Amino acid sequence: MTIKKLMVAAGLAFAASASQAEPLNIGFVYVGPVGDAGWTYGHDAARKAVEEKFGDKVKTTYVESVAEGADSARVIRNLAQKGNELIFTTSFGYMNPTLKVARKFPKVKFEHATGYKQGKNVGNYMARAYQGRYLTGLVAGSMTESNTLGYVASFPIPEVVRGINAFTKGAREVNPDVKVKVIWISSWYDPAKEREAAETLMLQGADVLTQHTDSAAVIQAAEAKGKYAIGYHTDMSAYGKSAHLTSTIHNWAPLYIAKAEAVMNGTWESQSLWYGLKEGVTDIAPFNAAVPAEVRTLVEEKKAQIKAGELQVFAGPIKDQQGTERVKVNESLADDDLKGMNWHVEGVDSKLPEA
Amino acid sequence: MDIDLITNILYATIRTGTPLILIALGEMVCEKSGVLNLGQEGMLLVGAVIGFIAATVTGNLFIAVWFAIFAGMLMALLFGFLAISLASNQVATGLALTIFGTGLSAFLGSNYVGIGLDGMQPLAIPLLSDLPVIGKVLFQHDPLVYVALTLFALVFWLFKYSRLGLKIRAVGENPEAANAIGINVQLLRYAAVLFGGAMTGLAGAYLSLAYTPMWSEGMSAGRGWIALALVVFASWKAERILLGAYLFGFASILHLVLQGTRFEVPPNIMAMLPYVATIVVLVWLSSDAVKTRLSAPKSIGRPYRPMS
């Protein structure tokens, strides 16, 4: 009996020491290819940052270009079965599949990006990209001569709508005459279509463009026509030396490093994180030389105020497109309202399609 | 709608249709010879990435276009070896080629993501480009648009008037009979497949050097598949491919342009329009079932094993 007990104890001790020496396996599920120079590219850069930070203590695996919906569950389950203890699923459409798989693997921690559902072992996280959108809106509103801005958008979901609204709000704060025209291309990633949408917007009078799609085609289109553009996801200055004013960028590294550390220390808990300028997850790229000093100063000021918590992007008074007051003076939209945003602020010139 | 807007819509239509024309014409020649190559998307991406890399390295767009064409042909050669010489299943081999090409292009291009390139500039044709409306719509494009139209004329002529076209069709209809009258079936099929690869490689160059001068993974966004469908709906007729491609382009542009107007149709419905319109028109054109059956190459997808 004693021998058997000893053996069990030894076995346990061995298992424990083995699990300490074993690296933490982290899985990533990407919606696009890692080379898209946009959304997925940013997540993969953060994955590399995690590897760099922890070295041998982590082992990361990623699966790219995973279609949203049913098939993603298979991929996520597969990663869980292969022994990944922390899995990041980085697109909105993975929300329900992630929760479904998570129920079957209670010991694995899941982190889902841009969703709104949580579970015991499923946390979610998002970037307050709208803060960057607001800052770039200030730039766009200052630089436009036609008072018309163009926005190439993907799908009318809250994340995208919020970005359009924040951008519009920023632009109208410096230039109340600004209108923002939106074209929905019904795709996250189709460079040719993004370019055509940009051309159409310029034809309709827009002289500063931005996009909520995944390639840099909009920047290139603006460069070719001698207009301005503002990038998204990553610093897109390489695509338009004179056109590119700045970009709203994501930096997921601080968040991924913190989460990996939490799993290693056994302190991981299911949270709903919404990090922004303050945490460094959202930022804007360096300015083009064409952006005047006073605009830079203004943007830096507002950035500092947002970081310090003194300024809310969606602070009242805010009217919607129909002119109805949605947010009163001295009030601002709560996070829950922002997460479900399904209306356009005054100044957006296009009707919001039903999602 | 003012004339300026219409001009611009038509201009963009030509640009949008161009890659589809190139791929579909190449695939049509290939299918006419009895070989179904579903690897278009893969060849397209490899053409795009090789063209882009060559342009970045050499700085010469003309050379880069040739690199893209050769890359497409090399992919087609691989397909041809398996599907023609080894008589493998064409559908499976074509799908494998797409998967391989997608992966290969991502691998080759990984160091070229995030790099800008001064793409091909529009080339206004003297005199013709000064014509009202037509001048802007047809004669102020980048060179590859004119190349695509020239190649269309060539393929049209090939099957309408040339002896070679007749031979290709014979091989695609009944390879045994063609062999019996002394046509080298395998050689002709190789030639058709290589031509298809060259055309798709050229379309890849159009995407990464002219249309959106950049490389990012999967940038073709399914155009290879659309072109494949176009060949069938155009019932293997070059002129209908031209029509179908422009129709598709026109509806794609309309989807974007109408959003700026007060014309209120949900954009996701409008996003279906290119597919629906193209299919409806081409199916209507080929509603004569007998004629359509006659235009489909009879031996398509069937490997030919020469008896010796």
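First, the conventions. This is a predicted model, in which local features need pLDDT of at least 70, side-chain atom pairs count only at pLDDT 80 or more, and totals for chains, interfaces and linings use all residues. Residues are numbered from 1 along each chain as its sequence is written, chains are lettered from A and ligands numbered from 1 in the order in which they are written, and side-chain values use heavy atoms, with hydrogens and water left out.

Let us begin with chain A. There are 11 helices and 14 strands in chain A; helices (H or I, at least four residues) and strands (E, at least two) are DSSP runs, numbered from the N terminus. Along the principal axes, the C-alpha atoms of chain A occupy a box of roughly 85 × 45 × 40 Å. Of the 355 residues in chain A, 56% are buried, that is, under 20% relative accessible area with a 1.4 Å probe and protein chains only.

I turn now to the pockets. On a 1 Å grid over the protein atoms alone, a pocket is an open set of points where a 1.4 Å probe fits, with protein on both sides within 12 Å along at least five of seven lines; lining residues have an atom within 4 Å of a point.

Helix 7 of chain A gives the most, with six residues.

The second largest pocket has a volume of about 540 Å³. Among its 22 lining residues, Val31(A), Gly32(A), Pro33(A), Ser65(A) and Gly218(B) are the closest to its centre. Helix 2 (40-58) and helix 4 (90-109) of chain B are the elements that give two or more residues to this lining, and helix 4 of chain B provides the largest share, five residues.

Thank you for your attention.

Technical notes:
Grid points are joined across faces, edges and corners, and a volume is the space filled by probe spheres set on the points. Buried means under 20% relative accessible area, exposed over 50%, partly exposed in between (1.4 Å probe, protein chains only).
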